[in-house]
Amino acid sequence: DYGEGFDWPEEARLLVQDVLDAMGLDITAEVAEADDIDIKIEAAGPDLAILIGREGKTINSFQYLINVILNRQSPERLRVVIDGEGYRDRREQALARMARQAADRARRSGVAVRMDPLRAFERRLIHVALQEDETVSTHSEGEEPYRCVVVAPAEHAGGLAEPEGRGDSSQEQQPQAARPITGAAGAGKND
């Protein structure tokens, strides 16, 4: 029974551990922090790099799956975050560094810079990292999974940026490195 007093953090840990074991990964899951809604599971072990995957795609998908399973059982909405050896903090720092580099490039060149496509929560981190910088503006453009952040010098705020070499913005955009964009960039610092 999932009544009052049920140990959701331990249930989350057991679910994570069971799935990791079923995947054949040598990783141990422990509850690092927990309150009524948020549960942080710390994963450690020799196969951690496999769980994290390229740019965190595997651990993010794994985390999503765990949240879907757990929230089908829980009467209250739970949020499980799975981390391994500080990966999430390192990724957040790397995104903030990428945001500052894109802002520097946009200021120096006077041209908007399109960053690589990112997931929604990572785009939000870029917007937040640059929200206090009055010399640039940010907005997101494109369609998932190619949606990306555009960082523009503040004087270009107002119009929509067009990718270089493309006249039809309705075409599906492929992932590309941060690069200048011709035209003016939008002013929104949100997604």
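A crossing of two helices is right-handed if the near helix is turned clockwise from the far one by less than a right angle. With that in mind, welcome to a short tour of this predicted model.

**Two helix pairs**

The crossing of helix H1 with helix H3 is right-handed. H1 covers residues 8–22, and its axis lies 11 Å from that of H3, at an angle of about 130°. Angles of 65 to 115 degrees would be roughly perpendicular and those over 145 roughly antiparallel, and H1 and H3 are therefore oblique to each other. On the H1 side, the contact is made by Trp8, Glu11, Ala12, Leu15, Val16, Val19 and Leu20, while H3 brings Phe62, Ile66, Ile69, Leu70 and Gln73. By class, this contact of H1 with H3 holds 10 nonpolar residues, 1 polar and 1 charged.

Now for the second pair. H4 also passes H5 in a right-handed crossing. The axes of H4 (residues 87–109) and H5 (residues 120–130) come within 9 Å and cross at roughly 55°, and these two helices are therefore oblique to each other. H4 contributes Arg91, Glu92, Leu95, Ala96, Ala99, Arg100 and Ala103 to the contact, and H5 contributes Glu122, Leu125, Ile126, Ala129 and Leu130. Here the classes are 8 nonpolar and 4 charged residues, with no polar ones.

Side by side, the pairs look like this:

| Helix pair | Axis distance | Angle |
|---|---|---|
| H1 and H3 | 11 Å | about 130° |
| H4 and H5 | within 9 Å | roughly 55° |

**The largest pocket**

Sorted by class, the lining has 10 charged, 9 nonpolar and 4 polar residues.

**Two backbone details in loops**

Most residues other than glycine have a negative phi, and most peptide bonds are trans. Two places in this model are worth a look with that in mind. Glu55, a residue other than glycine, has a positive phi, near 55°. You will find Glu55 in the loop between helix H2 (48–52) and H3. Further along, Glu144 and Pro145 are joined by a cis peptide bond, with omega about 0°. Pro145 sits in the loop that runs between strand S5 (136–141) and strand S6 (148–153).

How values were computed
Residues are numbered from 1 along each chain as its sequence is written. This is a predicted model: local features need pLDDT of at least 70, side-chain atom pairs count only at pLDDT 80 or more; totals for chains, interfaces and linings use all residues. Side-chain values use heavy atoms; hydrogens and water are left out. Axes are lines fitted to C-alpha atoms, for helices over the stretch in contact, and angles run from 0 to 180 degrees between N-to-C directions. Helices (H or I, at least four residues) and strands (E, at least two) are DSSP runs, numbered from the N terminus. Angles under 35 degrees count as roughly parallel, over 145 as roughly antiparallel, 65 to 115 as roughly perpendicular and the rest as oblique. Contact means heavy atoms within 4.5 Å. Ala, Val, Leu, Ile, Met, Phe, Trp, Tyr, Cys and Pro count as nonpolar, Asp, Glu, Lys and Arg as charged, and the others, Gly among them, as polar.
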